[in-house]
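Good morning, and thank you for coming.

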Amino acid sequence: MNRLKVSRLNRAVKKLQKCLTRQKALILMYHRISEVNVDPWSLCVTPQHFSEQLEVLQHQAHPMSLQTLVQLYQKGNLPQRAVALTFDDGYADNLYDAKPLLERYGIPVTVFVTAGYVGCEQEFWWDELEQLLLQPGQLPEMLLLDINGHSCCWELGAAASYRVEEAERARHQPAWKSQPGSRLFFYYTIWQQLLPLAEVDRRTLLDQIRAWAQTKPTPRPTHRPLSQTELMELAHSSLIEVGAHTLTHPFLSAQSINHQQLEIQQSKARLEALLNRPVMSFSYPFGNYAPETVTIAQEAGFECACSTAADFVWQGSDRFELPRIAVENWNGEEFKQQLERWFND
């Protein structure tokens, strides 16, 4: 191939890349705006860093609501650097720490709420398990659980003792990167066993683990879900759309079709009854779903659904399998660099 043809080909490739860049958008995924002692799933962004990130978005991107982004990408009319913000789960700090900052910068957001936990006097199950297993102290050396008719045994060994210094070192270590033999790894293995279970079975096992650990349920103000009043106050903001996130946050692909239908349809119905308005957006818990799950979400009357696949939204993206990119606890400069990297990929 001669140089002229190579030059023309390179120009054509650059033109195509430029076109594609104009047509891609980001949906960012958050969970909590808070600072806690233990964060095994990297769910928290501090209020200071969140403020810095919003300032970057205000100047370096084109923030818009999720519904607006979906409508524009379906028309092939996405503006450059389009970004939509989402929150999963429905923690109370979304109201007290996230909402004031979103209003300060005028940036819209969709908050996907786990409807069955609204007004519930207990923590989300993964937080409750963290409180049981990842607080400094002594645990019995062996745990026996009957899970779906199978006897499961864990010998903690050295991990039965958990010193304050160890807990501090593991404070922000992701659970999925934990080392075998550590207390964090023990937590992670139990979490994996509880993950695919239905809520009623999971609650039974959590009660057994609590009895084994010889502790009483003490919900923490820092970890609680939204109350009904708080949910309504959150939804009152013109910048905030409330979306559904099932009733109990199950691993949907591990549930029967009937149970998936109940979780998805009833989460929409409950939120709509509480808010007296349509709930049109959905998010799959853990980003997990099967082909039938997508059909159920469509038939439930949602207009879009978000996954956790780390990718851009392109013009051809399926609006019921929208990818999102998780935001970490980056300061403003780190976030700006990430934003540039995402849009320039």
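I begin with a definition: a residue is buried under 20% relative accessible area, exposed over 50%, and partly exposed in between, using a 1.4 Å probe and protein chains only. This is a predicted model, in which local features need pLDDT of at least 70, side-chain atom pairs count only at pLDDT 80 or more, and totals for chains, interfaces and linings use all residues. Residues are numbered from 1 along each chain as its sequence is written, and side-chain values use heavy atoms, leaving out hydrogens and water.

Let us take the cysteines. Cys153 is partly exposed, because its relative accessibility is 43%. Cys306, at a relative accessible area of 0%, is buried. How many disulfides does the structure hold? It holds zero, where a disulfide is a pair of cysteine sulfur atoms within 2.5 Å. For Cys153, the nearest cysteine sulfur belongs to Cys152, 9.0 Å away. For Cys306, the closest is in Cys304, at 5.6 Å, which is too far for a bond.

Next comes helix H5, residues 125–133. Helices (H or I, at least four residues) and strands (E, at least two) are DSSP runs, numbered from the N terminus. Nine of the nine residues of H5 are buried, so this helix is largely enclosed by the rest of the structure. Among them are Trp125, Asp127 and Leu133. These buried residues pack against strand E5 (82–89) and helices H7 (183–194) and H8 (199–213).

Conventions:
Contact = heavy atoms within 4.5 Å.
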